[in-house]
Amino acid sequence: MIKINKMKIAIIGTGNVGGALATNWSKKGHQILLGTNDVQNFKGKDLLQNENTSVHTISEAIGPADVVLIATPPTAIFEIIDQMRDVSGKVIIDATNSIAKGPDPYKTVYHCLVDKTKALVVKCFNTTGFENMLNPIYHGEPIDMFMAGDDTQAKEVAHQLALDCGFGSCIDFGKADKVELLEKLALSWINLAIFQGHGRDLAFKVVRR
């Protein structure tokens, strides 16, 4: 069982999304292991200024990690899996979106990971812009994160990590059959923020009467 108060988190993909999550999780005392193909030259070197943060090769980062976040282009997942070794019992969070091009023949990275590894997989941190992951507070109120997948333990970890980022909640969209729907929610945010020109400072929050 993973101790969710202090986790070792490997982040594969040190761009905007991975960087925002790495920053907030490090502030909560989690140990951040940045995984990259080139430890000397990689995007997000400034992340090393965060506490509890170090850089490694992908396999070195994943090895001791309790949790692995995938925040890369979806087509990179096959190369990443080749470097993972044994990830049985680890939680892997799929934060990718197969909008332009997916990991053929799989529908999503989630489905690829479930088929090719024995990890505990969950879809999360894919439905909004990195700005909202860095600062999920609007007018004093936290916005919502969403997740989907079959594994209960992976969802518990994702839920806690969402709260650690400052999200108000992490709403369960359902099991594996809802993963693609969650990617549609991401496309809906992209449509409003970018295609329709409303700007990236918008977010989703579920309200109840």
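Biologist: Two strands pair if DSSP finds at least two bridges between them; which residue of β6 stands opposite I93?

Modeller: The residue opposite I93 in β6 is V122. Strands here are DSSP runs of E with at least two residues, helices are runs of H or I with at least four, and both are numbered from the N terminus. This is a predicted model in which local features need pLDDT of at least 70 and side-chain atom pairs count only at pLDDT 80 or more, while totals for chains, interfaces and linings use all residues. Residues are numbered from 1 along each chain as its sequence is written, and side-chain values use heavy atoms, with hydrogens and water left out.

Biologist: How do β5 and β6 pair?

Modeller: Strand β5 (residues 91–94) and strand β6 (residues 120–124) are parallel, with four bridges between them. They belong to an open sheet of eight strands, ordered β3-β2-β1-β4-β5-β6-β9-β10, whose pairing is mixed. At its edges are β3 (53–57) and β10 (169–172), each of which pairs on one side only.

Biologist: And what about β4: which strands run parallel to it?

Modeller: Strand β1 (residues 8–12) pairs with β4 in the parallel sense over four bridges, with A10 as the bridge partner of V68. Four bridges also join β4 to β5, again in parallel, and there V67 stands opposite V91.

Biologist: Which way do the β4 side chains point, and are they buried or exposed?

Modeller: V67 and L69 point one way from β4 (residues 67–70), V68 and I70 point the other way, and all are buried. Buried means under 20% relative accessible area, exposed means over 50%, and partly exposed lies in between (1.4 Å probe, protein chains only).

Biologist: Changing topic, how many salt bridges are there?

Modeller: The count is seven, a salt bridge being a side-chain nitrogen of Lys or Arg within 4 Å of a carboxyl oxygen of Asp or Glu. One of them joins D94 and K123 at 2.8 Å, N to O. This pair links strand β5 to strand β6, 29 residues apart, and both residues are buried. D94 and K123 also form a network of salt bridges with E183.

Biologist: What does D144 do?

Modeller: D144 forms a salt bridge with K205, with the closest N and O atoms 4.0 Å apart. D144 lies in β9 and K205 in the segment after α7, so the pair ties together parts 61 residues apart in sequence. D144 is buried at 5% relative accessible area, whereas K205 is partly exposed at 40%.

Definitions and conventions
Pairing = 2+ DSSP bridges.
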